[in-house]
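Let's work through a few exercises on this structure together. Take a look at it first, then try each task before reading the solution.

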Amino acid sequence: HDIIEECPLPLLQMPATYPTYPSREQFARYLANYRSVLGLRVEYRSLVAGMAPSQAAGGGWAVDVARLDGASRKRFVARNVIFANGVYNDALLPPLQGKERFCGKIVHSSRYTNATDLGWANGKRVLVVGWGNSGSEIALDLVEHGARPTLLARSPQVVVPRDHLQLAQRLLHSHLNPLLALPFGWLALLPVLVLTDPVLKLAARIKYGGSLARAGLPQHWKGPLLRLLTEGVPPMMDVGTVQACIDGRIAVRREGLAGIDADGRVVFSDGSAEPFDGIVLATGYHLFSGHRHFLDAASLQRLGTGKEAIKTGSVVPGCELRLPNVWALFGRLQMIRDAAPALGRRIARRVHGGSRWRGAASWVWWVVEHVLIAWAVLAARRRLKQKARQLR
């Protein structure tokens, strides 16, 4: 869903030949080139198996890294550690009574590859639970591979056509981003933020009309930006799923999921049952939970997990966490690109003993600059009013 202007990481642009929305393969090639150009050392097919305060004389953190195939295990001792594993970590799996009686595959959306790999192509019936971005695109992928998906759409969503969102993103990058470098440039964003929701909702209404309701897809009353800011839920960016539901290529059900009966059929909350060859649980993730698998108990208790850790402000992208010399970097690619340079400077000052006053001085100068500009604007207004009174 990210346009190419939002995809590059710091210090290296993406190839100009890439399309507006780079594919997975193109982005993988870009990352490989990024590693090569910047000379980064990357441990592939490895996971962090443990992390605790180092007992060495210099302190820091001892991080154990294990190969996925179990062939080797390494220990790194580092003064600074960055958590860059995102906030969507562990799959959120709803209880499904009698799932051991289901004869097909049950996978979370994070494990979905494509219908052919999972054996669901060519007429197989697949139930997709949830119709956020993951569930909607998986249902469309199943259609494109010849499967017969059913989309379980209980919760209302804010639907935004991707091409409309692309126009808003282009406007932001081509016209508004340069303004942010100017004093008070952020004021230019205020009318944009106010108008974004009404414009996108109007555009969706013009495109879909009453088709969403006729297809059985529940709509949320909030606008996309308002819901994102208040609930943290992004809009469903439609890339063709809605039309497939309208055409009947994707069946839609609104009932809840009750379980699996003795015959291996999926039972819904209204008492009806249907046979399926597979189930995809597009039911989301536990937020900010990945570190609980490797962080020592004392540090984990101090840092916390989930929404509470985020709400209390202990987790802010580009800033130090509640653990000494442990930092966080996550979010959309554009957020990472913007936060990474400042984070690098903070760590460099910490490592090389640079003065913290340098960073504070830049903020002081920013405040002074804006105060001076505000004073100049007010002074100009007073002079204009004086001249107006003289002309009278």
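## Exercise 1: The cavity

Count the cavities of 30 Å³ or more, and work out what lines the largest one.

Step 1. The count comes to one cavity of 30 Å³ or more. Here a cavity is a set of points, on a 1 Å grid over the protein atoms alone, where a 1.4 Å probe fits but cannot get out. This is a predicted model, in which local features need pLDDT of at least 70 and side-chain atom pairs count only at pLDDT 80 or more, while totals for chains, interfaces and linings use all residues. Residues are numbered from 1 along each chain as its sequence is written, and side-chain values use heavy atoms, leaving out hydrogens and water.

Step 2. The largest cavity holds about 40 Å³ of space, a volume being the space filled by probe spheres set on the points, which are joined across faces, edges and corners.

Step 3. Its lining (residues with an atom within 4 Å of a point) is made up of E43, S46, V65, A66, R67, S72, R73 and K74. β2 (61-67) and β3 (73-78) are the elements giving two or more residues, and β2 has the largest share, with three. Helices (H or I, at least four residues) and strands (E, at least two) are DSSP runs, numbered from the N terminus.

## Exercise 2: Helix α2

Step 1. Check the length: at 1.5 Å a residue, the twelve residues of α2 (residues 133-144) should span 16 Å, and the end C-alpha atoms are 17 Å apart, which agrees. The expected span is 1.5 Å times one less than the number of residues.

Step 2. Buried means under 20% relative accessible area (1.4 Å probe, protein chains only). Among the nine are N133, G135, I138 and L142.

Notes:
On a 1 Å grid over the protein atoms alone, a cavity is a set of points where a 1.4 Å probe fits but cannot get out, and a pocket is an open set with protein on both sides within 12 Å along at least five of seven lines; lining residues have an atom within 4 Å of a point. Buried means under 20% relative accessible area, exposed over 50%, partly exposed in between (1.4 Å probe, protein chains only).
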